[in-house]
Amino acid sequence: MESDRTTKLEFGVQMTCNGCVNAVRTALEGTQGVQSVEIDLAQEQVLVESSLTSQEVQSLIESTGRRAVLKGVGAADPDLGSAVAMMGGAGPVQGVVRFVQVTGDCCLIDGTLDGLEPGSHGLHVHELGDLTNDCLSCGDHYNPYGRQHGAPQDSERHVGDLGNIVAESNGRASFRLEDSQLKVWDIIGRSLVVDSREDDLGRGGHPLSKQTGNSGERLACGIIARSASLFQNAKKICACDGVTIWEERDRPIAGKGRRKTDAPAANL
């Protein structure tokens, strides 16, 4: 389900004067969904507590004419772990999806995907962190309890069933979901996949309805990697654009997880 729970977002923003600070503050403060704004001119840092998606907050900052880069996501209270999936595939779909475990039974999923056909698309966590054959090698939906496919609010569902995201006419889906079954510590090293069609949530009459929601082909995917939250000192192995690469022991399958076209790890 969509979430109105707040998180804290840290942005690096190009600012050189107090006028820049005032412009960014004006763009953010007073906007519905923005709870607080802290700006450090010397560090060119903006910290926002908000129930908006990270993309919505970034767009507000960039409406002032200044480039913003999301550097971190954390819970308003100390969170229990964070992760990120860099999404891509053989087609044009790409984006970033972040996970923050804010309580033992609440995981926030914040993401933006571009290149989608307008309309609804199924979103699921899959069991394997294996991209050797792109999204085809990600395995089935993450389903540790052997249940039938369902909607996110159903008790009878795969743990990886996240329902649908909706792409606008420009092909962008910006979303912020709250899930009670997903746990960040269980999905590190697995994969996230977005599909070509709407997930019927197990309520359709197709033979695949109770297995996959009959949501079509896998358009894009990404391995879910551990990331350092704003309020937790996570052990970093290798960082690239703010993403912390997982340790080998975090992967459900050792020795896999990289697309054939990826650069060697030493070049990250």
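Student: I'd like to begin with strand 5. How many of its residues are buried?

Tutor: Good place to start, and keep in mind that this is a predicted model. In strand 5, 5 of the 6 residues are buried, so the strand is largely enclosed by the rest of the structure.

Student: Which strands does strand 5 pair with, and how do I read such a pairing?

Tutor: The general idea is that strands of a sheet pair through backbone hydrogen bonds, either parallel or antiparallel. Here, strand 5 (residues 82-87) pairs with strand 13 (residues 218-227) in the antiparallel sense, over 4 bridges. Strand 5 also runs antiparallel to strand 6 (residues 94-103), and 6 bridges join these two.

Student: Which residues stand opposite each other?

Tutor: Facing strand 13, Ser82 stands opposite Ser227, and Ala85 is opposite Ile224. Facing strand 6, Ala83 has Phe99 as its opposite residue.

Student: Let's turn to charges. How many salt bridges are there in the whole structure?

Tutor: A search finds 6. One of them joins the side chains of Glu10 and Lys71, at 4.0 Å from N to O. Glu10 belongs to strand 1 (residues 7-13) and Lys71 to strand 4 (residues 68-75), so the pair ties together parts that are 61 residues apart in sequence. Glu10 is buried, at a relative accessible area of 15%.

Student: Which residue does Asp114 meet in a salt bridge?

Tutor: Its partner is Arg172, with 2.7 Å from N to O between the side chains. This pair links distant parts of the chain, 58 residues apart: Asp114 is in strand 7 (residues 106-114), while Arg172 is in the loop between strand 10 and strand 11. Asp114 is partly exposed at 26% relative accessibility, and Arg172 is partly exposed at 27%.

Student: What about Arg25: which residue is its salt-bridge partner?

Tutor: Arg25 pairs with Glu29, and their closest N and O atoms are 3.3 Å apart. Arg25 is partly exposed, with 26% relative accessibility, and Glu29 is partly exposed too, with a relative accessible area of 43%.

Student: Asp195 has no salt bridge; is it buried or exposed?

Tutor: Asp195, in strand 12 (residues 191-195), is buried. A salt bridge needs a nitrogen-to-oxygen distance within 4 Å, and the nearest side chain of opposite charge, Arg218, is 5.3 Å away from Asp195. The side chain of Asp195 does make a polar contact of 3.1 Å with the side chain of His124. Among the other residues that Asp195 touches are His121, Ser215 and Leu219.

Student: One last stop: where is Gly202?

Tutor: Look in the loop between strand 12 and helix 4 (209-212). Gly202 is buried, with a relative accessible area of 5%. The C-alpha atoms of Gly202 and Gly150 are 4.8 Å apart, although 52 residues separate the two along the chain. Gly202 also touches residues including His149, Ser209 and Lys210.

Methods
Residues are numbered from 1 along each chain as its sequence is written. This is a predicted model: local features need pLDDT of at least 70, side-chain atom pairs count only at pLDDT 80 or more; totals for chains, interfaces and linings use all residues. Side-chain values use heavy atoms; hydrogens and water are left out. Buried means under 20% relative accessible area, exposed over 50%, partly exposed in between (1.4 Å probe, protein chains only). Lys and Arg count as positive and Asp and Glu as negative; His and the chain ends are not counted. A polar contact is a pair of N or O atoms within 3.5 Å; within protein, one must be able to donate a hydrogen and the other to accept it, and residues adjacent in sequence count only if both atoms are side-chain atoms. Contact means heavy atoms within 4.5 Å. Two strands pair if DSSP finds at least two bridges between them. Lists of a residue's contacts leave out its neighbours within four places in sequence.
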